[in-house]
Number of protein chains: 2
Amino acid sequence: MALREEFRADLHIVSQLLVDMAEAVRTAMGEATTALLRADKAAAEDVISRDAEVDSLYRQVEERVTDLMARQAPVASDLRVLITALQTAADLERMGDLADHVAKTALRRHPSPAVPAELRPVFQAKAAVADKMAAKIATVISKLDTVGAAELDTDDDAMDALHVELFKVMLSPDWPYGAETAIDGALLGRFYERFADHAVNAGHHVIYLVTGEQV
Amino acid sequence: MALREEFRADLHIVSQLLVDMAEAVRTAMGEATTALLRADKAAAEDVISRDAEVDSLYRQVEERVTDLMARQAPVASDLRVLITALQTAADLERMGDLADHVAKTALRRHPSPAVPAELRPVFQAKAAVADKMAAKIATVISKLDTVGAAELDTDDDAMDALHVELFKVMLSPDWPYGAETAIDGALLGRFYERFADHAVNAGHHVIYLVTGEQV
């Protein structure tokens, strides 16, 4: 195989690993939400035990990219592709950690629900946005879809609006719960918000890759 | 200059940029703590306006590293050094964001203090650990000091213990404040904790660099 073809083939493998990571963290956050809203212990444990898979995919991306850099000594746009792949993998790995944090919070409160009835709708809505964003990343990476990548910013606005909504409920004068529930709500809210932030970063990486412009 | 000497000289510049970043985020977190504990508006605004400097240093590391990779086509350990420099810069950049978050929380509550008297000692102690860790990173990077790098793990244990302490105060039956103060406390506590986590990561990067072993 010519060097160029070999580079393309290797790059395709890296891209596929990133898509695998995006799908894995999407599944993880979905299952973590089930654990959270249904106090489902088995779901929580599954998310936690499977975080190692995401970490392993991350190491594979690192190894492939390092190997490719060493063998092919890429310059210009090829080099940019590889560095961006590393950065995207780091964002996806962190998204896996955040799903893990949600699952661990659910587990810590089990068999009680970590989230009271008043906060369920907003967490359901946050989870829906998170799921949509994680699904989009997979397509954005595999198709280098800059339109989808830019949409992630708008999705993140929806997540931010839900975050404001969450705090409005917790800070209303008739909030009947104590500090513990408020703290759990605030930290859980932040885990979903950060998940979305990293999805946005992943989108920005792809836009940079295609257009050469930092968002 | 021979290629090899040129590589060393360029690498030294990258290393110096990382040290500059470590010093900048140390100053930022120190000033953010002043803003937080003394309700000091000017300090908060200074941290926020100077976060752009950290971001700019991060971009400079990215550019230098990309340029070096393209010009020198490094392999093996040289390549590892460069990739690790990028990852360390990403951790330091995030530490700057976390100082910015602390400053913004202080500003949002100004002229009230964001942290009530009961929580001051624990935040003072968290800030002291954060400061020690950020100072250590600068030395660890400039001297490739693996002993100091490993100490960051122990420092982080101290931060984790303070985090437990923080929650103990907020969840005690005689906690006199409402949900808002508890939420601020939990999120602020998390900002310091994450600051320490990224410092630990930076230490692990240096250990990997010197020993070739992932921590």
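The crossing of α2(A) and α3(A) is left-handed, a term used when the near helix is turned anticlockwise from the far one by less than a right angle. In this predicted model, local features need pLDDT of at least 70 and side-chain atom pairs count only at pLDDT 80 or more, whereas totals for chains, interfaces and linings use all residues. Residues are numbered from 1 along each chain as its sequence is written, chains are lettered from A in the order in which they are written, and side-chain values use heavy atoms, without hydrogens and water.

Helix α2 (residues 41-72) of chain A packs on α3(A) at an angle of about 165°, and their axes are 9 Å apart; the axes are lines fitted to C-alpha atoms over the stretch in contact, with angles running from 0 to 180 degrees between N-to-C directions. The two helices, α2(A) and α3(A), are therefore roughly antiparallel, the word for angles over 145 degrees. Their contact comprises 20 nonpolar, 1 polar and 9 charged residues, where Ala, Val, Leu, Ile, Met, Phe, Trp, Tyr, Cys and Pro count as nonpolar, Asp, Glu, Lys and Arg as charged, and the others, Gly among them, as polar.

Helix α1 (residues 3-38) of chain A also meets helix α3 (residues 76-109) of chain A, their axes coming within 9 Å and crossing at roughly 15°. The pair α1(A) and α3(A) is therefore roughly parallel, and its crossing is left-handed.

As for the two chains, chain B can be laid on chain A with an RMSD of 0.0 Å by a turn of 180° and a shift of 0.0 Å along the axis, which is the relation of a two-fold axis.

Notes. Helix = DSSP H or I, 4+ residues; strand = E, 2+ residues; numbered from the N terminus. Parallel < 35°, antiparallel > 145°, perpendicular 65-115°, else oblique. Least-squares fit on C-alpha atoms with pLDDT ≥ 70 in both.
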